[in-house]
Amino acid sequence: MAAKIEAKKVSKRFGAHVALAHFDVEIAPGEIFGLIGPNGAGKTTFLRILTGYWLPTEGDVYVDGDSVVEQRERVQAKLGYACEQPKLYMDHGVETFLRLMGQLRGLGGGDLSLAVERSIERFELQEVARRRIGVLSKGFQQRVSLAQALLHDPPLVVVDEPTVGLDPRQQLELRRILQGLGGSHTLLLCTHQLREAEACCDRVALLDRGKLLRTFSADELESAGSLEDLFLEQTQGRSDT
Amino acid sequence: MRRRIAALFMKELRSLFASPIAYVVLTAFVSLSAVYFFQHLISYNQLLFAFQSEGLATTDFDQGTVPLQINTLNELFMPFAGDLHLFLLAVIPLITMRVFAEERATGTDELLLTTPLRTWELALAKHATTYLFVMLLLGVSAIYPAVIISKSQLGMAHLGALYLGQLAYGVAIAAIGLACSSLTRSQVVAAIVAYAVPFILLDFAWLDPVLTESAAGILSGAAIQPHLDNFARGVLEFRHAVYFGGLTVLGFTVSVASLELVRAR
């Protein structure tokens with residue numbers, strides 16, 4: 001059910017600016033993998049390439065062997081993506097929006113209704129199901145964003161900065177949801193929040209200025225005591241001038 | 001595939017009618033076209049009355065005889081067609097400016113382009129919704145003329161040809177507007193370019209004095225106006241349909257290409 005990801009020498013350039021340089025990574029099925037790094041490290045760039053939104057300048061990403069460059073639609077059918085700062089149709093009701101996203105991912109009839117119902121229940125959206133997304137709190141919008149990403153029960157879930165702008169209670173709730181996804185889904189989590197990565201991820205990759213600095217396993221994270229220390233150690237002397 | 005397109009089509013319809021601009025445009029277009037149609041009809045009736053009334057005819061005409069050039073084509077269909085062109089040109093960019101540009105500005109294009117949706121499917125749904133709105137505009141505006149013309153048993157086929165021409169023109173203008181909207185994240189820029197392009201293409205006759213005959217002929221073939229006049233005269237010609245169809249296909253192709261460009265940026 002969960003998907004395997006292989007990124008091979010992925011690069012993305014915007015003119016002279018290198019957003020991502022020869023990024024290699026392999027993520028096992030069911031793993032919760034974190035991407036951390038300062039602003040402009042290339043985290044979101046990699047997610048956008050993986051989800052087929054941008055083409056890489058060089059290299060390729062494979063999801064269960066399907067190339068995101070050559071077989072984009074096949075890759076996109078296997079993933080659910082919750083963007084940074086939920087990008088949702090604010091004039092739609094929650095249920096209407098979820099139905100739309102389900103249809104765009106090929107669900108229909110009874111399957112669609114069941115998936116929407118299940119999603120609403122899973123993310124505790126019952127009380128706002130008929131309300132317009134634009135009037136909901138940031139926390140609820142984030143839940144709607146995750147609900148649409150998981151609606152079709154994809155083997156790969158990609159989440160970009162899920163807790164930005166949420167209060168501590170909402171952050172804890174969301175982390176609980178993300179942790180619950182491991183095993184049955186491969187989860188790629190991109191975050192600024194080191195605590196979040198520490199709490200949720202089996203493995204974490206540290207990026208800076210488009211380059212992969214280091215990958216930390218769960219054991220390394222545990223023995224190091226704090227991801228914050230590892231982060232500072234690795235990025236020492238590399239801070240923006 | 002059909003499910004995805006149908007879902008997007010319904011989403012576009014919801015978005016279109018969630019905004020007050022659709023109602024404002026519809027009301028303005030229908031009101032203006034009705035007022036102008038009746039104005040032409042009243043003028044035509046006044047002319048008929050004037051020429052048919054005893055003692056009002058000048059020495060140039062036989063008393064009680066209406067000159068040949070005073071007819072429904074010249075006094076009603078042609079000026080009304082001219083009005084409709086302008087009204088369509090005035091309102092369609094107001095509808096098209098939002099369609100792609102808003103998705104880019106709010107970032108929801110990322111949501112759509114990371115689903116297994118093909119770029120042409122996305123463009124098709126957005127174009128089809130806008131064309132449907134153009135049909136709605138013209139359909140509602142055709143009610144008064146159709147009623148009047150059917151009651152007086154005058155040229156229903158002619159009115160049909162006129163509206164068919166307006167539809168081809170309206171869809172082409174909408175396709176140009178959508179292409180402009182797909183190239184920018186600013187609705188204002190999209191609207192300005194969507195006004196400018198058809199306005200420039202409307203007629204090149206003003207360049208005739210400085211062009212050779214062959215160059216003027218080529219430019220005239222590329223201009224919108226010469227292709228519209230025949231529809232208003234009740235003449236349906238394949239080449240005019242091809243011209244407007246070509247503009248529509250071009251607009252659609254630009255929309256698809258600009259979505260692909262987002263990926264390749």
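Me: How many salt bridges does the rule find across the interface of chain A and chain B?
Reply: This is a predicted model, in which local features need pLDDT of at least 70, side-chain atom pairs count only at pLDDT 80 or more, and totals for chains, interfaces and linings use all residues. Side-chain values use heavy atoms, with hydrogens and water left out, residues are numbered from 1 along each chain as its sequence is written, and chains are lettered from A and ligands numbered from 1 in the order in which they are written. A salt bridge here is a side-chain nitrogen of Lys or Arg within 4 Å of a carboxyl oxygen of Asp or Glu. Across the interface of chain A and chain B, the number of salt bridges found by that rule is 2.

Me: Which residue of chain B meets the side chain of Lys87(A) in a salt bridge?
Reply: The N to O distance of this salt bridge is 2.9 Å. The side chain that meets Lys87(A) belongs to Glu110(B).

Me: What is the area buried between chain A and chain B?
Reply: The contact (heavy atoms within 4.5 Å) takes 31 residues from chain A and 26 residues from chain B. Tyr53(A), Tyr89(A) and Leu104(A) supply 28% of the area that chain A buries against chain B, more than any other three residues. Buried area is the accessible area (1.4 Å probe) that two parts lose on being put together, summed over both. Carbon and sulfur atoms give 60% of the total between chain A and chain B, which is about 2,700 Å².

Me: Is Val158(A) buried or exposed?
Reply: Val158(A) lies in strand S7 (residues 156–160) of chain A, and, leaving aside residues up to four places away in sequence, Val158(A) touches Leu47(A), Leu50(A), Thr51(A), Gly80(A), Tyr81(A), Ala82(A) and Leu188(A). Buried means under 20% relative accessible area, exposed over 50%, and partly exposed in between (1.4 Å probe, protein chains only). With a relative accessible area of 0%, Val158(A) is buried.

Methods:
Helix = DSSP H or I, 4+ residues; strand = E, 2+ residues; numbered from the N terminus.
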